[in-house]
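Morning, everyone. Please bring up the model on your screens, and I will walk through a few features.

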Amino acid sequence: MINLPFFYDFVFPNYVLPNALNPQLAIINYIHNLHVGGATTDSLFEKDVDNPNNVNHYVFGDSIGKWPQSLRHNGTHLRYPCYREFVKIDEHSVFLGKQQFDKYFYPIKSGPHLDEFLGRTHAGNKLNGEYFWRYISREVLNDLKEKKALIFIDWAHENFVDKSQFDLLHEQLNYSEIPNMQIMFAFNSFNAKEIYESWYSPGERKLDILNWPFLLFHNSYHYLSQPDKRMDVSTWQSTRNTLRPHHGIFKIRRGRPYRLALLYRLCTDNLLYKMDYSMLDNITLYHTMRMASCFPYDYNEEKIAELHSRFPVNLKTETSKTFLDISGWGDNTPEPSKNAYFDITCETYMEQNGYKSFTEKVSKPLVHFNPFFFVGFQGALALLRELGFKTFSPYIDESYDDEPDQVKRLDMIYAEIKRLLAMSQEEIHNWYWSMEDILIHNHDHFLNFCKTDKHTRRMLTYMNFRLRSS
Amino acid sequence: MSNKYILPLFYDNIFSNMILPNAIYTEYGLINYLHSLYSTKVKQHNFFEEEFGFTDQSLAGLLFDNNLGRQPNSMSGSNITSRCYSHYLTLDENSIFLAREKYKRYIYPIRIPPYMDYFIGTGSSGSKINGEHFWKHMSQTALRDAQDGRAIIFLDYGQENYMEYDTYYLIHESLKKARIPADNIIFGINSFNAQEIYENWFGPGDQRIQVRDWPYVLANTSFHYTHFKEQHLQLEDWLQTQHTKRKYHMIYKVRRPRDHRQALLLKLASDGLLAKTDWSCLTPIQCDERRVAYFSGKFSWPLNQQSIQQMCDQTPKTLESENGTHYTAVRTTTDNNAEAYKNSYLYICTETFTHGDHKSLTEKAFKPVVNLQPFVIIAYPGALALLRKLGFKTFTGFIDESYDDEPDEVKRIHMVYTEIQRIANMSIDEIHNWYWSMKDILEYNQKHFLNYWQNDTVGHNFIKYLSDRINQ
């Protein structure tokens, strides 16, 4: 068991104030703590973020970002139960903790919008220049200079940092006097460190980037520890003689260009009737069309307009879900998967600048016995195989995984989807069950992933090393 | 030691370089937050405590124009953290958020400033302090815990030793709408009989707090001098002075010239006795005819205006051996120059208060004790009797101590002064012999005092009471 001291500048009666939080938010949090009782997992402005009438927007408009630039949100992801066997996080105040420890981590849990965390947004907005380090206490800044503290930026739930964001981070740190490598930046990726180091020579590097494939690990634990969220093998096998009403399942919560492109192609080609699909995002037809047009196709605008008029659309088994209900953890029953033979699994981004990372999205077909198309970065299927999963060649032509161009890749995926949708129900039923061994293997391997994966253990060992070394 | 008491002392807010005092005004809390963000200059205590008593030029004076009190309404730390209790007490100082689940109940300490008005939320008419009752500045979590008995509010007045009836009354008024049961507020004060006085003044149905005797200053001063030996006269060094005549008959130290102190100073000046006294008055004083008449009337003393004026002109004045010290440099434990005590034979001690029924002792009475001087004490009646009860020896036979039984304040001060005059009229040889004839008492008193903190049963009882309340 590794023991890591995580210290916070300000501990209030109801929660730990997120480190490096904008003082304007902090002051309101302070007053909030004075008047509202009871321990909570989130600081004030983290609640109800997607609601346009939330308190952040009400008080500040859009001048300090949609999200607070630093979150409490129940503390670092390393405190999550999935890591309980490996690491103990000692949460302390800086003031009291320094009486016990010589060196400590100063965790910052960035909001999902990295640009907001970095103080970068459109011209004229007051968020520009709100660099996170300015809101670290002087006490901790001094400790960082003396290498008695290490910043741990926890971005475990996100998987993509582009070079311009690193450039901006480097630029703002130039003024901070925080020594190079005193900031550990960990996010949900298998190769973030390699990418960072390919972009910056040793002399240019300021950050200690950590590969932390949190989401796959956490999802594995999540489903393993909650059997009610999944089917076991025998229950699944008992559905062998039941035909499923849909060929495929296609879930969209937030509209993104490649997701809309795929959805609108299926609509244009009159194939949606074979799919159990959802589209929960409330965006205008104009915007969805603009997004879809990033992927050229002869879209039928009339049919799409008619489809759009029906939005939001739910999965057949999730009729009451809304955009706000569904998150990585709020959408995890096996029911929708029992209704279809394959899953169109759309990652957050299709183009990841070489980053290799999985969010919770791929977990669902893995645990729920579905073969899937992975609409994401090039090489995703190869990475899954590297992690011990099996993919679906020759049942699915997976050559799309090698295609570097995202437009071509989506074309290749769509061609395969169309092929499957052309099968009769009996054909696709047999096609599906002929992959039984692969589906069982993936299900079992996924549930064991949190017991066998070495990535997080490596990261924790390294963090411990950094803490103990002078 | 395995059978130590454990007290969880929890605070609402812990900042990067300080624990924010519980129940501090929000304005002070916010500025402390900003200070913590930008500076490490202030450590261990609240930013506004840097300035002892706000002035117009002080930061708080500028910011709030003295409309928010002359001190923060709540001070940093707790007197209970003094190391004089550490041999039988372990404190778990922590944040409510991080440690609340560790204990069934916790103590929520609030250290009250010397000026109680700011704490109670009662000021002069028109002042914005009115209504700023301390409990309104507790977090809602702590307030609810106090209402439900999960938290015990500990009002720490350990450094002060006197309460007026009206002050208790105002505390009661401020608590009227707090919905905190009387059982859940413990008021600890530096006194041996505060509980008895409070319970005499207020019947069970009228009480809104639990007053407890906590003679903290004596224990803390004892511990302090035990561990900072260089700050008091050592027995061996003292014995070597046995054949050295001292320059002054008396030593008389005044920092804050309360009425009884000033009156005595004026009288000594009027009677020409200051020449025989190593004296200080760290506050400049002015005594025009009207002031002299006031003191003359109040204390029934003939006073000499011209001599008084000469004395006033010398103020602020330090002791001969303390050149360079000043009002703000001298506090309870920073006034510890042992040299001064080798220069005179009698210590004139003036306690903070001379009226009322509270039996309390501050550090003032123990400076002559630890520095091997006999003393007269201008205090409440029975101060010497209390010292004897605590195991000290007084100076009957050498000093007429019948003044200690005199209930009338003015008569008592006159009786003390008569003794001062008598001793001041001794020749240097006489007073030298007089002084050394008390050698055994002086030695005994110093030893007894330095051991006191280890045998402080009243303090121990108080800690035990707190512990019982947490564990009941």
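Which residues line the largest cavity? They are Asn161(B), Tyr162(B), Glu351(B), Thr352(B), Phe353(B), His355(B), His358(B), Ser360(B) and Tyr380(B). A cavity here is a set of points, on a 1 Å grid over the protein atoms alone, where a 1.4 Å probe fits but cannot get out; lining residues have an atom within 4 Å of a point.

Ground rules next. This is a predicted model: local features need pLDDT of at least 70, side-chain atom pairs count only at pLDDT 80 or more, and totals for chains, interfaces and linings use all residues. Residues are numbered from 1 along each chain as its sequence is written, chains are lettered from A and ligands numbered from 1 in the order in which they are written, and side-chain values use heavy atoms, without hydrogens and water.

Back to that cavity. Its volume is about 60 Å³, the volume being the space filled by probe spheres set on the points, with grid points joined across faces, edges and corners. The structure holds seven cavities of 30 Å³ or more.

Now helix 17 of chain B, residues 439-452. Helices (H or I, at least four residues) and strands (E, at least two) are DSSP runs, numbered from the N terminus. Helix 17 of chain B has 14 residues and reaches 20 Å between its end C-alpha atoms, close to the 20 Å expected. The expected span is 1.5 Å times one less than the number of residues.

Its buried residues are Ile441(B), Leu442(B), Asn445(B), Gln446(B), Phe449(B), Leu450(B) and Tyr452(B). Why do they sit on the same side of helix 17 of chain B? Because they cover an arc of only 155 degrees around the axis, taken from the directions from the helix axis to the C-beta atoms. Buried means under 20% relative accessible area, exposed over 50%, partly exposed in between (1.4 Å probe, protein chains only). The face turned away carries the exposed Asp440(B) and Lys447(B). The buried residues pack against helices 8, 9, 13 and 16 of chain B, with contact meaning heavy atoms within 4.5 Å.

Over to chain A, for backbone checks. The Phe311(A) to Pro312(A) peptide bond is cis, with omega near -5 degrees. Ser393(A) and Pro394(A) are also joined by a cis bond, omega about 10 degrees.

Asp48(A) has phi near 60 degrees and is partly exposed, at 47%. Glu177(A) has phi of about 65 degrees and is exposed, at 52%.

Terms used: On a 1 Å grid over the protein atoms alone, a cavity is a set of points where a 1.4 Å probe fits but cannot get out, and a pocket is an open set with protein on both sides within 12 Å along at least five of seven lines; lining residues have an atom within 4 Å of a point.
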